[in-house]
Amino acid sequence: MIQRTPLYDSHLAAHGRIVNFADWEMPINYGSQIEEHHAVRQDAGMFDVSHMLSLDLTGGESQAFLRHLLANDVAKLTVPGKALYSCLLQKDGGVIDDLIVYFFTPTHYRIVVNAGTAEKDLGWLCLQAADYAVNLKPRRDLGVIAVQGPRARERFWTAFPASRAASEALVPFQAAEWNDWLIARTGYTGEDGFEISVPADEAAAVWQKLVAAGVKPCGLGARDTLRLEAGMNLYGQDMDETQNPLESGLAWTVDFKDAGRNFIGKQALAELRERSAQPRTFLGLVLLDKGVLRAHQKVVTAQGEGEITSGSFSPTLNQSIALARLPAGVAPGAVVEVAVRDKLLRAKVVKPSFVRHGKSLI
Amino acid sequence: MNIPADLKYTQSHEWIKQEADGTVTIGITDHAQEALGDIVFLELPEPGLMVKVGEECAVVESVKAASDIYAPLAGEVVARNEDAMGAPESVNQDAYAAWLFRLKPANPADLSLLLDAAAYEKVAAE
């Protein structure tokens, strides 16, 4: 079933070009994806991310449940509002989804998962929750707006001055409740900003106020080039059930520190680690020749073949970049070849983070 | 929709202009550039290449995706737009000014087989 967010009419009014994204009618852009991309790098832009599913987790065993469910360890979260990025793993270590979990109290968390995987995740969570004293409540009653860019917070406070006291002290990856809103200093662009969850019936008015404060509406197209420049994985493209986080550049999100914690997928990943023979590594590519790198293109290296998982044109760097799964042993600095149609184009291997806070890292 | 009446068109959204010297100039329509979004790279055929009707002979890459461009007529490539290769965004700015390549058609009469503006308008509306 095709679904619409509470901001659908706002997108139409702003001449958004609507596409079907995971069965949601979403704006891909409002004219120029590149202009929207630059707005986020240089000033402030905003995205409708209401299609992502928020879930409230409550109950006496909430923390114990999440410590079992997630590859990252929510025990690290002790300050109210603090958030953590984690993978949701199968027993064999394959990635079911990636998500953000916000901590309020040890008996109250909020989880935000991808739109395309929401139903699958919900089924998995309910199955795993059966043995725990927890309640899971999907929050389809929310609108969520990501305001991103170096001037995002300032413009947000111009639109909503009364929220400033509640949100000014937030550090990155921390959220605060303000009336019935959740203001989180998070995002998916490599820039500063907030992600705001509001009651669905307020979302359009919030969007309008942000437009009036100079925040540029941005579509899913710019969201993708921004996250790619920031070196952030996209579920379903850079990793899925057939890949584990250790081979997807996400080893940093798998927390083995507490030997007593038994999370789903731990045994499979621990065995892989013990063999210390990861056949694949996950790195970035910068195209040296002219052209555009795309997902699924073959990469030829001295150590064997690899594959691009995400590729596009980087508006900030003005050249093509990609994330790629490569044979072990390929290291940053190496020059490899990518099969683009009938040609082999040269690309440089880099750490998979290309742009942060408006500046090139390559 | 911007569909000049003096041009010919294809089902695959190329426009074709008959030049006084017997060659034809080829580009993509305004409708096509809008659907593709920001164009960032053009791969155009080198002069001298012989192409068949419907043959893939150029690629227009937008931020979103790569799209093949098909030869609307058989013939020999006689020129390509180097300026547009250096500034691919010019195709977004004016798709009818930023041409891609020129052909010397093997059978100039085949031009009459292409769509006129009214027929293309129906294609673009689909």
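How many residues does the contact take from chain A, and how many from chain B?

Author: This is a predicted model, in which local features need pLDDT of at least 70 and side-chain atom pairs count only at pLDDT 80 or more, while totals for chains, interfaces and linings use all residues. Residues are numbered from 1 along each chain as its sequence is written, and chains are lettered from A and ligands numbered from 1 in the order in which they are written.

The contact takes twelve residues from chain A and eight residues from chain B; two residues are in contact if their C-beta atoms, placed from the backbone, lie within 7 Å. On the side of chain A that touches chain B, α2 (33-42), α8 (220-229) and β16 (304-314) each supply at least two residues. Helices (H or I, at least four residues) and strands (E, at least two) are DSSP runs, numbered from the N terminus. By class, this side of chain A has three nonpolar, seven polar and two charged residues. Here Ala, Val, Leu, Ile, Met, Phe, Trp, Tyr, Cys and Pro count as nonpolar, Asp, Glu, Lys and Arg as charged, and the others, Gly among them, as polar.

Now the chains themselves. Chain A has nine helices and 21 strands, and its C-alpha atoms fill a box of roughly 55 × 50 × 40 Å along the principal axes. Buried residues make up 47% of its 362 residues. A residue is buried if 20 or more other C-beta atoms lie within 10 Å of its own, exposed if 12 or fewer, and partly exposed in between, with C-beta atoms placed from the backbone.

Chain B has four helices and nine strands, in the order β-β-β-α-β-β-β-β-β-α-α-β-α along the sequence. The C-alpha trace of chain B spans about 35 × 30 × 25 Å along its principal axes, and buried residues make up 42% of its 126 residues. Among contacts in chain B between residues at least 6 apart in sequence, 64% join residues at least 24 apart; the corresponding share in chain A is 68%.

Next, the cores. A nonpolar core is a set of buried Ala, Val, Leu, Ile, Met, Phe, Trp, Tyr and Cys residues joined through C-beta atoms within 7 Å. The largest has 66 residues, of which A:V101, A:I145, A:V147 and A:I196 touch the most other members. Strand β6 (residues 95-105) of chain A gives the most to this core, with seven residues. Domain 1 (1-230) and domain 2 (245-360) of chain A both contribute residues, so this core lies between them; the domain bounds come from an automatic or database domain assignment. Apart from it lies another core, of 51 residues, including A:L228, B:I28, B:A84 and B:V91.

Strand β6 of chain A also holds A:V95, which counts as buried because it has 26 C-beta neighbours inside 10 Å. Not counting residues up to four places away in sequence, A:V95 touches A:C87, A:L89, A:M239, A:D240, A:E241, A:Q243, A:N244, A:P245 and A:S248. The C-alpha atoms of A:V95 and A:P106, eleven residues apart along the chain, are separated by 25 Å.
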